[in-house]
Amino acid sequence: MNHALRAVTDGHSRVYQATGNQIIVEYTVQQSEPPIPGAGLGWTSPESVRTPLVAPLSSPLRDRVDVREALLKAIADPATATNGLHIVHGMAGSGKTALSQTVFDEAVASHGVVGLWVNASDRSSFRSGILAVAHDRGAAQQEVDAAREGRRPDADFVWYYLDRSPEPWLLVLDNADDPSVFRHGAWLRSSSRGIVLVTTRLRGASVWSRAAKHQLDVLDVSYAVDVLRDLVVSTEDTAKLELLARRLDCHPLALSLAGAYLGRQLLEPVSVDEYLKRLDADPSLLDRGAEPGEQELRRLITRTWQISLDTLTERGNPQATTLLRLLSCFAAAPLPVGVLSPTALDGTGLPHAVPSLTGEHANLALEGLETHSLVSLIKADAGAERAAVPSVQTHPLLLETVASRIPVDQRALLLESAAGLLQRLLSTDSDRYVDPHTLRLFTPHASALLKHAAAHRADAATASALAVVRDLRDQAYVRGDYATARALADDAVHVTDGQGSTEALTDRHERGRVLTALGHFDDAATLHRATLEAREALLGPEHPDTLDSAHALGISLYGLGRWADDELSMRRAADGRARALGVTHPDTIDSRGRLAETIGQQQRWDEARQLATENLAVSVRALGDDHPHTLLSRIALAWVLAGTGDWEEAAAHTRTTLEGSERVLGVDHPRTLAARQRLADVLSRLGQWTQALEAAESVRAVRQQILGPEHPHTLSIEIVLARILRSTGLIAEAQELAVLTLETCVRVLGDDHPDTLACRIEYKAALAVSDGTPVHSREVDQKDGEW
């Protein structure tokens with residue numbers, strides 16, 4: 001390399017200094033060959049401080065626009081920059097070094113600054129590099145030696161030359177994951193001549209207190225796809241690449257490794273689909289995207305997290321390793337910190353884990369993980385008007401790779417401990433920790449735990465996790481959170497499918513109930529019929545579980561509009577429950593009320609009215625006015641009364657039901673919405689159009705948001721709303737709604753479903769208004785199927 005050299009004579013020594021990329025060399029005039037830099041002093045200079053001594057970027061930097069602009073603005077005019085010290089922090093593999101490389105290159109090429117790069121991963125590398133920086137900025141070799149040997153203050157020495165640099169500079173201190181190398185911040189200063197840029201995993205080190213901080217997270221999915229395309233993954237369509245990017249959670253290092261691997265398969269190309277299958281079976285597949293022979297552990301996804309854990313262990317915090325392994329048993333969603341209470345941890349097997357994790361050291365372990373960007377402490381949204389829940393969150397890819405490396409002899413202990421922690425928090429004696437409305441926060445963790453335990457055949461952990469999943473499923477169903485209940489029901493069935501036990505059949509039964517609630521009546525009926533047959537064979541025809549299946553089958557048949565079949569199934573449930581449980585039992589009352597409804601659907605109104613009236617009286621005496629099953633029996637009677645044209649009495653019972661449902665279940669509970677829909681219909685029959693319209697529109701809005709626009713219950717309220725709009729003279733709105741609802745009814749329910757028929761009549765009625773054709777209101781009645 002051609003560098004201008006200048007000689008400085010000092011006694012018998014001559015020092016040569018390069019003005020560009022340089023190596024400090026020193027030799028006496030008697031020597032014919034220069035010695036190795038730092039020979040005899042236990043010190044070796046870096047090969048260069050003018051070039052980033054890291055692997056070349058495999059893909060141009062994507063995203064990070066705001067951070068780049070902020071850094072380049074400060075670099076362009078360091079004298080006026082509000083802060084000369086910038087910290088870029090983030091989890092391992094988030095692209096901190098890549099960002100710094102790009103900013104470094106842009107600063108040197110476009111802003112006329114001298115770029116200086118120092119590896120700050122350990123004291124030796126940092127000190128040799130920073131002294132080489134001083135030499136680059138004009139220090140004589142004798143001065144460098146004096147600082148290196150402790151004969152003069154090294155930090156003051158380096159900053160003396162940085163402050164007097166003839167050119168503006170950018171100094172990058174890369175991989176500064178150990179703040180002690182900076183000696184309590186003595187090395188971190190600001191200067192009018194340049195900007196210091198530090199990359200680190202540590203988000204909250206005290207030495208960063210005066211710095212401008214920039215956090216890096218994962219990439220946006222569109223940028224993640226661009227990274228994959230950069231790496232010769234160009235034959236796959238965008239949808240496939242998005243799938244891969246999301247599977248890797250848009251983690252920059254993972255994207256780089258996956259793209260490099262796929263682009264390198266020349267003899268037998270591997271598709272994205274095949275790669276995803278292999279990755280699911282072996283997460284270490286990601287590491288095979290590293291360059292052959294590459295020894296840099298920071299480029300190996302299964303090792304990059306371990307660097308931080310090893311550092312924490314060296315600093316006396318080995319418990320952090322066990323805590324992260326414990327977190328890997330859960331999902332990547334926010335985990336309420338109440339799960340990790342010290343008392344709860346001590347009640348598990350974790351004090352006997354290797355390394356041991358006790359409640360006494362739990363806070364220290366969590367603090368260590370958070371400091372090294374392995375976890376984040378956040379406030380998880382608990383829903384409207386609910387206080388946010390303090391939670392810990394971990395990146396999915398980190399959890400996956402950590403879980404894959406748990407020692408075999410530790411796995412069962414960790415899984416059982418994780419299950420025990422969830423069970424303890426969700427038990428009835430821990431209500432002070434858990435608001436019923438925040439239970440959904442635990443759903444992904446229960447699901448993930450069950451999946452891990454079952455996959456590793458950890459029987460005790462699987463049984464405990466299954467109990468948690470079932471408990472959360474049942475609570476979600478009661479709250480009317482059917483989407484959550486569906487996910488949990490599927491998890492349970494996946495584990496117990498094929499088993500002939502009563503518990504396994506209960507899992508199938510509960511899944512069928514959720515399918516009914518979600519409007520999948522046909523699938524629900526098929527599942528309930530099979531479960532009914534299995535229960536009959538295992539338990540007998542009169543067993544309460546068998547009767548539960550008969551009842552559930554009847555409800556799904558009601559949703560299909562098959563009234564006669566529903567009556568047979570519901571009558572069996574009602575009569576069997578009366579014999580087995582008594583007429584005052586809530587389950588019996590439930591079946592008898594629903595039996596009255598299906599009898600009414602077959603136009604046997606007198607029989608339906610008598611049964612519904614008697615059933616309500618029994619329920620009020622046995623259970624009280626506000627019991628959920630009394631509300632069920634009252635709304636059933638209100639529906640029958642409407643069918644007989646007794647609108648005033650129907651309105652009274654409906655209002656009573658609605659008020660009770662709002663008190664007991666909540667204003668947006670599915671049963672409350674069903675009562676409000678019934679009230680909208682009854683009020684319209686009484687000519688109270690304003691109140692009817694308001695009630696119908698409120699029900700429709702909530703159902704569209706919670707259940708979706710194509711759920712049968714959403715369609716049922718839209719039929720009612722179309723009739724109200726037509727009757728109040730809003731013909732255009734009524735016609736538009738009727739058209740859209742009819743199209744959806746045909747597609748979702750079928751051409752012959754009762755709701756489809758009712759909607760078709762309403763559509764014709766809306767069209768006929770302009771023609772003056774009379775339409776009888778009885779023609780557009782339709783059932784309410786939610787109760």
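Biologist: Where is the place of aspartate 752?

Modeller: In this model, which is a predicted one, aspartate 752 sits in the loop between α30 (731-748) and α31 (754-768).

Biologist: And is aspartate 752 buried or exposed?

Modeller: Aspartate 752 is exposed, because its relative accessible area is 65% and anything over 50% counts as exposed.

Biologist: What separates the C-alpha atoms of aspartate 752 and glycine 561?

Modeller: Those two C-alpha atoms are separated by 9.1 Å, although aspartate 752 and glycine 561 are 191 residues apart along the chain.

Biologist: Let me step back, then: how many helices and strands does the protein have?

Modeller: The protein has 31 helices and eleven strands, and of its 787 residues, 52% are buried. If you take the contacts between residues at least 6 apart in sequence, 67% of them join residues at least 24 apart.

Biologist: Which residues touch the most other members in the largest nonpolar core?

Modeller: That core has 82 residues, and the ones touching the most other members are Tyr275, Leu326 and Leu369. Its largest share comes from helix α15 (residues 408-426), which supplies eight residues. As a general background, nonpolar side chains tend to be buried together in soluble globular proteins.

Biologist: What does leucine 369 touch?

Modeller: Leaving aside residues up to four places away in sequence, leucine 369 touches Leu309, Leu312, Ala320, Leu323, Leu324, Leu327, Leu374 and Val375. There is also a second, separate core of 37 residues, and Ala139, Val144, Ala147 and Phe157 are included in it.

Biologist: Changing topic to α26, which of its residues are buried?

Modeller: Helix α26 covers residues 647-664, and its buried residues are Trp647, Ala650, Ala651, His653, Thr654, Thr657, Leu658, Gly660 and Ser661. The elements that cover them include α24 (605-623), α25 (628-643) and α27 (670-685).

Biologist: How many residues does α26 have, and what span does it reach?

Modeller: It has 18 residues and reaches 25 Å from its first C-alpha to its last, which is close to the 26 Å expected at 1.5 Å a residue. After α26 comes glycine 666, with a positive phi near 110°.

Biologist: What about α25, how many of its residues are buried?

Modeller: In α25, 15 of the 16 residues are buried, so this helix is largely enclosed by the rest of the structure. From first C-alpha to last, α25 reaches 23 Å, close to the expected 22 Å, and it is followed by glycine 645, whose phi is positive, near 85°.

Biologist: At what angle do α27 and α29 pack?

Modeller: The angle between α27 and helix α29 (residues 712-727) is about 15°, and their axes are 10 Å apart. The two are therefore roughly parallel to each other, and their crossing is left-handed. On the α27 side the residues are Gln677, Ala680, Asp681, Ser684 and Arg685, and they meet His713, Ser716, Ile717, Val720, Arg723 and Ile724 in α29.

Biologist: And at what angle do α23 and α24 pack?

Modeller: Helix α23 (residues 586-601) packs against α24 at about 160°, with the axes 8 Å apart, and that makes α23 roughly antiparallel to α24. The contact involves residues including Pro586, Ile589 and Arg592 of α23, along with Trp605, Glu607 and Ala608 among those of α24. The crossing of α23 and α24 is left-handed.

Key. Residues numbered from 1 in each chain as written. Predicted model: local features only at pLDDT ≥ 70, side-chain atom pairs only at ≥ 80, totals over all residues. Heavy atoms only, no water. Helix = DSSP H or I, 4+ residues; strand = E, 2+ residues; numbered from the N terminus. Expected span 1.5 Å × (residues − 1). Buried < 20%, exposed > 50% of the residue type's maximum accessible area, 1.4 Å probe, protein only. Contact = heavy atoms within 4.5 Å. Core = buried A, V, L, I, M, F, W, Y, C linked by side-chain atoms within 4.5 Å. Axes fitted to C-alpha atoms, helices over the stretch in contact; angles between N-to-C directions. Parallel < 35°, antiparallel > 145°, perpendicular 65-115°, else oblique. Left-handed = near helix turned anticlockwise from the far one by under 90°.
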